[in-house]
Amino acid sequence: MANKDKKFNDQLAALEQQAKEVLSNNDRGTYTVPNSGLYPHQWLWDSCFIAIGQANFDVKRAEVEIRSLLKGQWSNGMVPSIILRKDRNIDQPDLDRHDRIWRSWLNPNAPSNLATSGITQPPMIAEAVTRVGAKMNKHDRRQWYKQVFNGLINYHKWIYQERDPHREGLALLIHPWEVGLDNTPPWMSELNEHLLPWWIRMLHTAKLDTAIGWFRSDNLYVSKHERLTNVEALAFYDVQRRLRRKNYEFDKYIDHSLFAIEDLTFNCILIRANSLLREIADFIDQEIDKDLLESMERSKKELAKLWDEYSGEYFSRDFISHRLIKESSIASFMPLYSGVISQEKASRIVEYLENEHRYGTDYPVPSTPLDSHWFNPNRYWQGPTWINTNWLIIDGLKRYGFNDHAEVLKEVTIDLVKKTGFFEYFNPLTGEGLGVDSFSWTAALIIDLLNS
């Protein structure tokens, strides 16, 4: 038995070392790319997950990862979803493709020395900051929190000032890229049923959208069957182009925005981040202004309105009509991570996790339930298992006392990566690795799970 335990522990130690090597290979000094091929820049919530993993073995490097994110913060407080990691002069003729697409300099709030996207991503920074701080002694933690506090406060203020115009408590998103679960069913159902531009419908009907595949850079790295469809990719670009035409100025585009969704995943992460921001403020004896505190409280109350009693699930909501978008997805489990729902509702959510007809796969948790007409085990956020959402669910399960469930999911997640490798996402039925290999947040969060 002792030899068997030693062998198992040696395997886990080897897995952790391999994960560190993935992060080392993707390290660019002050930031870490998700993958050296398909993802050559710095992404917001990727870097947060990466820092959480780094904190387990190199706290100083984790600090640098977060600081580099905040260097891309706009003067209005927004932290962009992507920092295009090349100092640039806008007169350069060789601006890379991402820079030409985004043109963040069109907005006066964008940083002058960095190119970025014009939208944000789930606000995981407070979580990353506290996870890094937890690895420090009290003196160092206090200094760390003081260094990043203003950036965090300004980011949360921006979310509520710009993305909660009616002061209801929930942030609205204006592009699927902002939630990070790009082609997740709630967003795609809205797109296909109500919002798909006429010219894209025409291309699709005439089957001319297939030609677009020849120009997609992601298809150079990943099978087209594992990515967005051509129609989805065209629609996403069209939305981004509309925002760019308005210089990413909220007042100009909100009345004509293709999307305006109060996304469940984003808002659950925001609510959790709010509670962590309060903890940070208390630790360093800083005040949070009254308006922001009131917004934080409204978020917790408003989340309750996303609950559908009949189905026993929370859903995203259309900003204009307040209609729940009743498409089940991995977002259904994110209220556990928020930490503000009742124990009774948490228990009902966990029942879905145990339901073999919905999420009962050999390699959980699929990003879309098995009984959904959207389910595709290989296509991005319409079926595959992702390590970051598993990590969020594990955290939420622990918060509500479902420790056995959390431990089982943790072990299954580690075993999946040990068996298959550090892929971007995984087929939930077979465990096959999908997307790109050597993916940073997979490596980082496995390190964190191995040390938790």
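Does Tyr380 count as buried or exposed?

1. Tyr380 counts as buried, because its relative accessibility is 7%, and the cut-off for buried is under 20%. This is a predicted model, and the backbone at this residue deserves a look. Phi of Tyr380 is near 45°, a positive value in a residue that is not glycine. Tyr380 sits in the loop between H15 and H16.

2. The loop between helix H15 (343–354) and helix H16 (387–399) also holds Val365. The peptide bond that leads from Pro364 into Val365 is cis, and its omega is near 5°.

3. Asn247 is another non-glycine residue with positive phi, here near 60°. Asn247 is found in the loop between helix H10 (230–245) and helix H11 (250–253). With 21% relative accessibility, Asn247 counts as partly exposed.

4. On cysteines: a disulfide requires two cysteine sulfur atoms within 2.5 Å, and by this rule the model has zero disulfides. Cys48 takes part in none, as the nearest cysteine sulfur, that of Cys268, is 17 Å away. Seen from Cys268, the closest cysteine sulfur is in Cys48, and 17 Å is too far for a bond.

Notes: Residues numbered from 1 in each chain as written. Predicted model: local features only at pLDDT ≥ 70, side-chain atom pairs only at ≥ 80, totals over all residues. Heavy atoms only, no water. Helix = DSSP H or I, 4+ residues; strand = E, 2+ residues; numbered from the N terminus. Buried < 20%, exposed > 50% of the residue type's maximum accessible area, 1.4 Å probe, protein only.
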